[in-house]
Amino acid sequence: MKDESFIGKNFVYIKGRVSAVVPVYNGEKHLSHILDSILAQTYPQIELILVDDGSNDGTIDVAESYREKFAIRGYEYHVVQTSHKNASAAVNHGLPYVTGEYLIWPDSDDRLEKDSVEKRVAFLQNHLQYQCVRSLAYYYSMETGELLPADEKTGDLSREDLFWDILYFRTYVCCGCYMLRSEYFFNIYPERRIPEYDVGQNFQMLLPFMYYHQCPTIPEQLYGVCVREGSHSRTKLTKEEEYRKYRDYEQLVDEIAMICHIEDRASQKRITYWKAKRRYYLEIKYGNRKGALKASNRMLRCGDQNLWHRLKDYVWNYLHALRR
């Protein structure tokens, strides 16, 4: 059967096709997880765009070994090689290849349940008022396969306005759980480029979309998150690396606010508070009293009355330390 296509605002999309953009760096030992789970999908129209972020192990050899399997399955398969930078830059090398009506971006060490794509597509096809949907996730150990506690909050699953919940980490950003309509995503990013920061890619992919669109939840665990030593999200950072990461997040959120045209004072104050609160706990962690006091002052100006109790304890301990 010939693929049907339709013209969006900026591009032509193949109706019903799901494009999966997967960035990978040094994934020789785990890449098969996501590739096998995509091949096992019950949904017939998938395009995999695998972007190698300058790996120096056998990642490309593993990727190339799957070409025949994808051809037999009838799935489109692209392997894109780039020099090493970060995940968001790798995603940008993959986005120009997207031709599907729907877009997902699972991590290279995770796995999709066999009906994960089918159920999410079916939801969007049956609920045309929504431009995105998400499922739940489960967490498992790569070494033992045992299920592990989730390391993100689930939040209120009845909520569909998720911008602030995601920003404040009141709900999960687990990338493989979300499916977006490509046309609406590229209406936000017509140049097919997301902001590049060394803090991952999920805020860039999700926050602007969630600012403009409601996102319902399918209450099923359709995505498995692999917990392993050495993954990007679980690598222990030095003090300098952690401060740089916080600065990158602050700059990224400011850029996202510009993309979303967030100009009302109430929303700007909420973003300022988010940055100040994160900065406050970082300064406390590393014993920077001046930095903590500066951040707490910004939080108070944003209306955090509960901070007074924490601040009194902090000042008391600070004055006590000066007397020693």
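Phe-163, Trp-164, Tyr-168, Tyr-211 and Tyr-212 form one aromatic cluster. The model is a predicted one. A pair of aromatic rings is described by the distance of the centres and the angle of the planes. For Tyr-211 and Tyr-212, the centres are 5.4 Å apart and the planes stand at 85 degrees, an edge-to-face pair. Tyr-211 is partly exposed, because its relative accessibility of 30% lies above the 20% limit for buried and below the 50% limit for exposed. Tyr-212 has a relative accessible area of 42%, so this residue is also partly exposed.

Another pair of tyrosines, Tyr-280 and Tyr-281, is edge-to-face because the ring planes meet at 80 degrees, over the 60 degrees that this class requires. Their ring centres are 5.2 Å apart. How do Tyr-280 and Tyr-281 compare in burial, buried or partly exposed? Tyr-280 has a relative accessibility of 4%, so this residue counts as buried. Tyr-281 has 39% and is therefore partly exposed. Aromatic pairs come to 16 in the count.

Tyr-212 leads on to helix H8, which covers residues 202-212. This helix is mostly covered, with 9 of its 11 residues buried. The buried set runs through Asn-202, Phe-203, Gln-204, Met-205, Leu-206, Leu-207, Pro-208, Phe-209 and Met-210.

Next comes the packing of H8. Two packed helices are described by the angle between their axes and the distance between the axes. Helix H9, residues 239-259, packs against H8 at about 35 degrees, and the axes are 10 Å apart. The crossing of the two helices is right-handed. Which residues of H8 and H9 meet? From H8 come Phe-203, Gln-204, Leu-207, Pro-208 and Tyr-212. H9 supplies Tyr-249, Leu-252, Val-253, Ile-256 and Ile-259. By type, the residues of this contact are 9 nonpolar and 1 polar, with no charged residue. An α-helix has 3.6 residues a turn, so residues three or four places apart point the same way.

His-261 is not a glycine, yet has a positive phi of about 55 degrees. Its relative accessibility is 57%, so His-261 counts as exposed. Phe-169 also has a positive phi of about 55 degrees without being a glycine. This residue lies in the loop between helix H6 (163-167) and strand E9. Phe-169 is partly exposed, because its relative accessibility is 33%.

E9 has pairing partners in E5 and E7. Strand E5 (residues 100-104) runs antiparallel to E9, with 2 bridges between them. Leu-103 has Leu-180 in E9 as its bridge partner. Strand E7 (residues 132-141) is also antiparallel to E9, over 3 bridges. Here Val-133 stands opposite Met-179.

Strand E4 (residues 76-82) holds Glu-76. Where does the chain come back to meet Glu-76? Beyond its neighbours within four places in sequence, Glu-76 is in contact with Arg-17, Ile-46, Glu-47, Leu-48 and Phe-70. The C-alpha atoms of Glu-76 and Glu-47 are separated by 4.5 Å, although the two residues are 29 apart along the chain. With a relative accessible area of 38%, Glu-76 is therefore partly exposed.

The last step is the whole protein. It has 12 helices and 10 strands. Of its 324 residues, 51% count as buried. Among contacts with a separation of 6 or more, 79% join residues 24 or more positions apart.

Key:
Residues numbered from 1 in each chain as written. Predicted model: local features only at pLDDT ≥ 70, side-chain atom pairs only at ≥ 80, totals over all residues. Heavy atoms only, no water. Helix = DSSP H or I, 4+ residues; strand = E, 2+ residues; numbered from the N terminus. Buried < 20%, exposed > 50% of the residue type's maximum accessible area, 1.4 Å probe, protein only. Contact = heavy atoms within 4.5 Å. Pairing = 2+ DSSP bridges. Axes fitted to C-alpha atoms, helices over the stretch in contact; angles between N-to-C directions. Left-handed = near helix turned anticlockwise from the far one by under 90°. Nonpolar A, V, L, I, M, F, W, Y, C, P; charged D, E, K, R; others polar. Phe/Tyr/Trp six-rings, centres within 6.5 Å; stacked < 30°, edge-to-face > 60°.
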